[in-house]
Amino acid sequence: MAPHYKLERAAGGRVAGLDEVGRGPLAGPVIAAAVVFPNGVPRKLAKLLDDSKKLTPERRLAASMALYASGAAEIGVGAASVAEIERINILHASLLAMRRAVMRLPSLPDLALVDGNRPPNLPCAVQCVIGGDALSLSIAAASIVAKVARDRLMTRLAVRFPHYGWETNAGYGTPAHCQAMAASGISPHHRRGFAPVRAILQGTIVLPPEMASDIVADMGGGTVAEPSDEAGHLGVPELSELSIVLPTAAA
């Protein structure tokens with residue numbers, strides 16, 4: 001089912017859709033966007049909007065550009081840095097980014113429709129909508145704006161830190177990204193409190209079995225072992241199969 005404008009219409013007044021992207025990656029900030037359609041969504045624009053996760057990168061970019069060019073949308077974008085994520089944790093950093101996005105709108109909304117079940121602290125009424133980016137056009141628009149903004153940022157950072165493949169993985173914990181962290185070290189943009197990053201800093205990396213021998217060879221030796229309760233299961237399904245304890249010099 002395509003997102004609609006029923007929630008906004010039922011609420012009346014100025015309604016903002018609010019969503020964030022970047023809670024899961026191992027690197028980079030979390031980005032949020034707030035979008036208000038003061039006079040409703042033009043039909044042609046509405047056809048471009050959907051949950052950003054359902055759109056190809058090309059369709060997301062086209063939709064984001066259309067939102068900015070339409071004159072029909074008021075857009076605010078906010079972020080929380082890696083330092084803030086480490087200081088207040090990723091959940092509260094996400095809520096902070098949402099608040100900043102709303103505060104960057106031209107004027108405050110009467111109501112914010114927030115994707116998910118945790119309301120940020122806002123100077124307006126808040127309604128949480130689980131799965132909102134697939135239900136509300138305003139939230140879908142916010143998800144697209146936030147996703148495109150963050151992907152562009154990670155692509156720019158990839159120019160300065162080319163080892164990690166951020167231009168394609170956007171900082172998420174793909175096996176190739178984790179392999180690059182093990183080989184090249186941790187950058188200032190990595191989230192050191194996240195378990196896979198912390199494991200590499202502690203000298204333990206967790207990778208699929210087929211990558212284990214290559215990593216050990218690249219790092220000049222090490223021990224391949226079954227993951228322990230402490231180091232093996234790090235909350236990243238694709239990275240929880242096998243642990244490698246690096247030699248002291250590499251760690």
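Two strands are taken to pair if DSSP finds at least two bridges between them. By that criterion strand β2 (residues 30–36) is joined to β3, the link consisting of 7 bridges with the two strands running antiparallel. The structure described here is a predicted model.

**Sheet**

- The sheet is open and contains 5 strands, ordered β3-β2-β1-β4-β5, with mixed pairing.
- The edge positions are taken by β3 (74–80) and β5 (125–129); each has a single partner strand, so one side of each is left without a neighbour in the sheet.
- On average, and with direction ignored, neighbouring strands of this sheet are turned by 20° against each other.
- Within the antiparallel pairing of β2 and β3, I31 is placed opposite A79 of β3.
- A34 is likewise set opposite a residue of β3, namely G76.
- Strand β3 is mostly covered, with 5 of its 7 residues buried.

**Helix across the sheet**

- Helix α6 (residues 137–160) lies across β1 (15–21), β2, β3, β4 (111–115) and β5.
- The direction of helix α6 is at about 35° to β1.

**Salt bridges**

- Side chains of opposite charge can pair when their charged atoms come close.
- Across the whole structure, 6 salt bridges are found; three of them are set out below.
- E74 and R14 form a salt bridge in which the closest N and O atoms are 2.8 Å apart.
- Because E74 belongs to strand β3 and R14 to the loop between α1 (6–11) and β1, this pair ties together parts that are 60 residues apart in sequence.
- R14 has a relative accessible area of 19% and is therefore buried, the limit for that class being under 20%.
- D133 and K53 are joined through their side chains by a salt bridge with an N to O distance of 3.0 Å.
- This second pair links distant parts of the chain, 80 residues apart: D133 is in the loop between β5 and α6, and K53 is in the loop between α2 (43–46) and α3 (57–70).
- R100 is part of helix α5 (residues 90–103) and E84 is part of helix α4 (residues 82–88), so the pair ties together parts 16 residues apart in sequence.
- R100 counts as partly exposed, with 32% relative accessibility, while E84 counts as buried, with 12%.

**Aromatic cluster**

- The structure contains 2 aromatic pairs.
- One of the aromatic pairs, F161 with W166, is tilted, with 5.9 Å from centre to centre and 45° between the planes.
- F161 and W166 are both buried.
- Y164 and W166 form a stacked pair, with 5.0 Å from centre to centre and 20° between the planes.
- Y164 is buried, as is W166.
- F161, Y164 and W166 together make up one aromatic cluster.

- S187 is located in the loop between α8 (175–184) and α9 (195–201).
- The relative accessible area of S187 is 2%, so this residue is buried.
- The S187 side chain reaches the backbone nitrogen of H189 at 3.1 Å.
- A polar contact at 2.9 Å connects the side chain of S187 with the side chain of H190.
- When neighbours within four places in sequence are left aside, S187 is in contact with F161, Y164, W166 and R192.
- Three of these contact partners of S187, F161, Y164 and W166, are the members of the aromatic cluster.

Conventions. Residues are numbered from 1 along each chain as its sequence is written. This is a predicted model: local features need pLDDT of at least 70, side-chain atom pairs count only at pLDDT 80 or more; totals for chains, interfaces and linings use all residues. Side-chain values use heavy atoms; hydrogens and water are left out. Helices (H or I, at least four residues) and strands (E, at least two) are DSSP runs, numbered from the N terminus. Axes are lines fitted to C-alpha atoms, for helices over the stretch in contact, and angles run from 0 to 180 degrees between N-to-C directions. Contact means heavy atoms within 4.5 Å. Buried means under 20% relative accessible area, exposed over 50%, partly exposed in between (1.4 Å probe, protein chains only). A polar contact is a pair of N or O atoms within 3.5 Å; within protein, one must be able to donate a hydrogen and the other to accept it, and residues adjacent in sequence count only if both atoms are side-chain atoms. A salt bridge is a side-chain nitrogen of Lys or Arg within 4 Å of a carboxyl oxygen of Asp or Glu. Rings of Phe, Tyr and Trp (its six-membered ring) pair if their centres lie within 6.5 Å; planes under 30 degrees apart count as stacked, over 60 as edge-to-face and the rest as tilted.
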